[in-house]
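Here's a quick briefing to read with the structure open beside you. Let's go through it topic by topic.

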Amino acid sequence: PSDCPEPYKKRLSHGVILGPDGNRMSKSKGNVIVPEVVAAEFGGDAVRTYLMFMGPFDATMAWNEKALVGVKRFIDRVYRLVEEVVEKNEESSERAVVLINKLVKDAGEDLSVFKFNTVVAKMMETLNGLTEEGVKLGREEMKSFVRVLAVFAPFVAEELWEALGGEFSVHNQKWPTFNEEKVVDRVVTLSVQINGKLRGTILVAPDADESQVVSLARMDEKVSRYLGGLNVKKIIYIKGRTINFVV
């Protein structure tokens, strides 16, 4: 009826998904993607997550199976990480806490404005950080990650939530909270290079000066093994990013 208000505050029209050839899907062109077929091969959660990751909600985008495979690999990596968390059963390091707090903050902000693709990208970035050498991840932080993942991969998230000891169901849980004081890194991962080749990584304060970084790098077992008794001719330090020993 004309006097009945819409059941939502705002309407945002979705974009169009084109075929792999960049044209509108059409049986006559043979470029139609059948959801049931790709879901049977890659899993429903992978397809759902890929559809939300492939671009802005209102954009026109072409189907890309390679990108779908990448999303499937991301979900598989999360699954393996949960297995490791359950097996190790340890407390999270400060780096892991910061990564999760940043993810929860950013994901909440982006979801509120339909930026689904950026949330998936940030989950992938967070996963890379959580799997860096020296980062320890506990159950509580992993639970927060899974609650964010549940928006995109509901079935996998439910299974992972149960594996982490969460009460049924993950979809009945409140959105995870974040600590504003813990969304800024107190330490950063710095790459250590020798003649431009990556030889190791170290954790340092974001504002660490060159002398501190040089000292920490030389104490690293891998780096010290490569440097050995070589004569260092020059040191190139880019604060917060990398240090390169030229020998």
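Helix 4 (residues 94–111) and helix 5 (residues 116–130) cross at roughly 175 degrees, and their axes come within 9 Å. Anything over 145 degrees counts as roughly antiparallel, and therefore that's the label for helix 4 and helix 5. Keep in mind that this is a predicted model.

**The helix 4 and helix 5 contact**

- On the helix 4 side, the contact is made by Ala96, Leu99, Ile100, Leu103, Asp106, Ala107, Asp110 and Leu111.
- Helix 5 brings in Phe116, Thr118, Val119, Lys122, Met123, Thr126, Gly129 and Leu130.
- Sort the residues of this contact by type and you get 10 nonpolar, 3 polar and 3 charged.

**Helix 6 and what covers it**

- Helix 6 (residues 139–149) has 8 of its 11 residues buried, so it's largely enclosed by the rest of the structure.
- The buried ones are Met142, Lys143, Ser144, Phe145, Val146, Arg147, Val148 and Leu149.
- The cover over these buried residues includes helix 3 (65–88), helix 4, helix 5 and helix 7 (154–163).

**Leucine 164**

- You'll find leucine 164 in the loop between helix 7 and strand 3.
- Leucine 164 has a relative accessibility of 2%, and buried means under 20%, so it counts as buried.
- Setting aside neighbours within four places in sequence, leucine 164 touches Val82, Val85, Val86, Arg139, Met142, Lys143 and Val146.
- Leucine 164 and valine 113 are 51 residues apart along the chain, and their C-alpha atoms are separated by 30 Å.

**Tyrosine 79**

- Tyrosine 79 belongs to helix 3, and with a relative accessible area of 31% it's partly exposed.
- Beyond its neighbours within four places in sequence, tyrosine 79 is in contact with Glu159 and Leu160.
- The side chains of tyrosine 79 and glutamate 159 are joined by a polar contact of 2.5 Å.
- From tyrosine 79 to alanine 150 is 71 residues in sequence and 13 Å in space, C-alpha to C-alpha.

- Four strands make up an open sheet with mixed pairing, in the order 4-3-6-5.
- Strand 4 (197–204) and strand 5 (234–238) are at the edges with a single partner strand each, so one side of each has no neighbour in the sheet.
- On average, neighbouring strands here are turned by 20 degrees against each other, ignoring direction.
- Helix 8 (residues 210–219) packs on this sheet, touching strand 3, strand 4, strand 5 and strand 6 (242–246).
- The direction of helix 8 makes about 115 degrees with that of strand 4.
- Strand 3 and strand 4 run antiparallel and are joined by 7 bridges.

**Serine 191**

- Serine 191 is in strand 3 (residues 188–194), opposite threonine 201 in strand 4.
- Is serine 191 buried or exposed? Its relative accessible area is 19%, and the cut-off for buried is under 20%, so it's classed as buried.
- Serine 191's contacts, leaving out neighbours within four places in sequence, are Leu198, Gly200, Thr201, Arg241, Thr242 and Ile243.
- One of these residues, threonine 242, also has a side-chain polar contact of 2.8 Å with serine 191.

Terms used. Residues numbered from 1 in each chain as written. Predicted model: local features only at pLDDT ≥ 70, side-chain atom pairs only at ≥ 80, totals over all residues. Heavy atoms only, no water. Helix = DSSP H or I, 4+ residues; strand = E, 2+ residues; numbered from the N terminus. Buried < 20%, exposed > 50% of the residue type's maximum accessible area, 1.4 Å probe, protein only. Polar contact = N/O pair within 3.5 Å; in protein donor to acceptor, adjacent residues only side chain to side chain. Contact = heavy atoms within 4.5 Å. Pairing = 2+ DSSP bridges. Axes fitted to C-alpha atoms, helices over the stretch in contact; angles between N-to-C directions. Parallel < 35°, antiparallel > 145°, perpendicular 65-115°, else oblique. Nonpolar A, V, L, I, M, F, W, Y, C, P; charged D, E, K, R; others polar.
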